[in-house]
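Have a look at the model first, then read on.

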Amino acid sequence: GERLDFRTSKQRLLVVANRLPVSAVRHGEDSWQLEMSVGGLVTALLGVKEFDTRWIGWAGVNVPDEIGQKALAKALDEKLMQRCIPVFLDEEVVHQYYNGYCNNILWPLFHYIGLPQEDRLATTRSFQSQFDAYKKANQLFADVVNEHYEEGDVVWCHDYHLMFLPKCLKERNSKMKVGWFLHTPFPSSEIHRMLPSRLELLRSVLAADLVGFHTYDYARHFVSACTRILGLEGTPEGVEDQGKLTRIAAFPVGIDSERFIKALELPEVQDHMKVLKQRFAGRKVMLGVDRLDMIKGIPQKILAFEKFLEENPNWCNKVVLLQIAVPTRTDVPEYQKLTSQVHEIVGRINGRFGSLTAVPIHHLDRSLDFHELCALYAVTDVALVTSLRDGMNLVSYEYVACQESKKGVLILSEFAGAAQSLGAGAILVNPWNVTEVASSIGYALNMPADEREKRHHHNFKHVISHTAQEWAATFVSELNVTIVEAQLRTRQ
Ligand code: ADP
Ligand code: G6P
C-alpha cells in the first residue's frame, strides 16, 4: 500500500533515556555546572536535529532539595540546543536501579558476560528488591513524560534502563505513540531466560508500538525470546499477542559524520594535530578510545599488544598504543576491579618493554574534549576496537569519519554491531584470541597504502551515508506508519 512519509514536518519528539546529554555537578545551593555525558546513546541522539525535541532523563546527580531541583531544571531548559527535562532519582533508587539492576545485572547479561562472579549469590538475593527499584524508577520516568506529553507527540524510549517504560506509558494513555530502542545487543533467548523478571520485561517492551534494535540478529533474538518464553506468535512484521501487533525491526545507528569532518578544519583541532604529530614523530600510533567498561575488552587488547611486541622486538621503539579510557559507572564494584586490573597490566608491560625515553602504552583514565578527540582520530595510524560484545560501537565510525586524509586501519571486533557494516573495510578479529589480534596488529602496521585506501574508502562511504539523523528519521517515520496501519486494521 501507500507509504506515508512524515519526515518533512517538524514533529514533537519526546526522547526518554536514563542519561541526559549533560550531567550536572553541583556548585553551591542553586548553581550547576553541566558537563557533556559520554556514551554512544548520547552521541547518536545529539546527532538528531530534525525534530522539535525534548529530552527527558536523569542528570546523574542526587538533588534532594526543591530549590536545587528547580534551579537544575531551569539550567537544563535554558542552556542546550535540545531542551532537557530532569527526572530526579534519590540515592537509594540510583543504587538499586542504576548501579544494581541496570549495570550489575542487565548490562553484563545482555553482553554475554554473565552475572558478576564473586557476588553471584548476593546478586541473586538482591534481585527482587533491585527489580522493584527498577520498576519504581521507570514509573518516575513515566510521571515526567506524562507531565510534558502533548497529543500527537512521539515518545521514544531508549535502552535497557527503560524496558518497563512502554507499559507504564500505555497504561496511563493508550493513545500515546510509543517506540522503544535498545542500544545494546539483545542476547540469545537462552540468556534472557535466566532473568527472574524475564516475562515482565518482555511483556512491557511489547506494549510499545515499535521496537527497534541495531541489527537484524538482535531483533531475531528478541522475537525468539517472545515466542519461546511468552509462547507468542512471531510474524515477519513483529510479534502478535491477542490480535495486537508489536512491530519489531532493525535500525542501525550512525553518527553525525559531518560534525567530525568539519571539525578537522578548525584551527584548534589542527593545533592539537600538530602537537600530537611532533610528540610521536618517528613512531606509528595505535589508538583505543573507550569507556572503561568490561565489554570493551581493554585488558584483552593490551595483552594482544604485548604479544605483538614480544613477537616483533624490532617494533618496540617504533609503535605506541594510546588508550583513552574514561571511567564509567564507578560505584559498581566490577568496574572498580577492572580499573585496577587494567592499570596493573599497563604498568607491567611498560616496565617490561619501556626505555628511558619511551613507553609502549600511554593509558589515560579520562575523557577527551571533542576537539582533542577529533585530532587523535585524525593523526593515528590504527584504531583498535576489541569489544567482547557491543551493541554497535560508534568509536569505530568516528575514527573512519576522521581518516579521509590518512586512511588509517580499523581493527574491529567481530562481536560489535559495527562489524556488520564496517566488516568489509576493517580487519575483523575475535578479541578473545590474543594471537589473532597480535598478528592483525602486525598486518595493519605493514599494510600497503593502496589496500589501506581501498578499505578506508569502503567504510567511509558507509559512515557518511548512514547518519544518526537518518536513523532517527527512519525510526520515527516507521513508528508513525505503524500506528496508522494499526488504526486501519482496527477499522476493518
Ligand atoms: P558506548 O556507548 O558503549 O560507550 P560507543 O563506541 O558506541 O560505546 O560510543 C562511545 C561514545 O563515547 C563515542 O561517541 C565516543 O566518542 C565517546 N567516548 C568514549 N570514550 C571516550 C573518551 N575517553 N573520551 C571522550 N569521548 C569518549
Ligand atoms: C551505553 C549505554 C547508554 C549509556 C552509555 C554510558 O552506551 O547504551 O545507555 O548512557 O553507555 O553509560 P552511563 O551509565 O554513564 O549512562
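Q: What share of the chain's contacts between residues at least 6 apart in sequence join residues at least 24 apart?
A: The share is 77%, where a contact needs two C-beta atoms, placed from the backbone, within 7 Å. This is a predicted model, in which local features need pLDDT of at least 70, side-chain atom pairs count only at pLDDT 80 or more, and totals for chains, interfaces and linings use all residues. Residues are numbered from 1 along each chain as written, with chains lettered from A and ligands numbered from 1 in the order in which they are written.

Q: Why does the radius of gyration of the chain agree with a compact globule?
A: The rule, over C-alpha atoms, is 2.2 Å times the number of residues to the power 0.38. For 492 residues a compact globule would have a value near 23 Å, and the chain has 23 Å, so the two agree.

Q: What makes a residue count as buried?
A: A buried residue has 20 or more other C-beta atoms, placed from the backbone, within 10 Å of its own. By that test, 47% of the 492 residues are buried.

Q: Which residues touch the most other members of the largest nonpolar core?
A: Among them are Val-16, Val-155 and Phe-222, in a core of 147 residues. Such a core joins buried Ala, Val, Leu, Ile, Met, Phe, Trp, Tyr and Cys through C-beta atoms within 7 Å. Leaving aside neighbours within four places in sequence, the contacts of Val-16 include Ile-56, Phe-141 and Val-155.

Definitions and conventions
A residue is buried if 20 or more other C-beta atoms lie within 10 Å of its own, exposed if 12 or fewer, and partly exposed in between; C-beta atoms are placed from the backbone.
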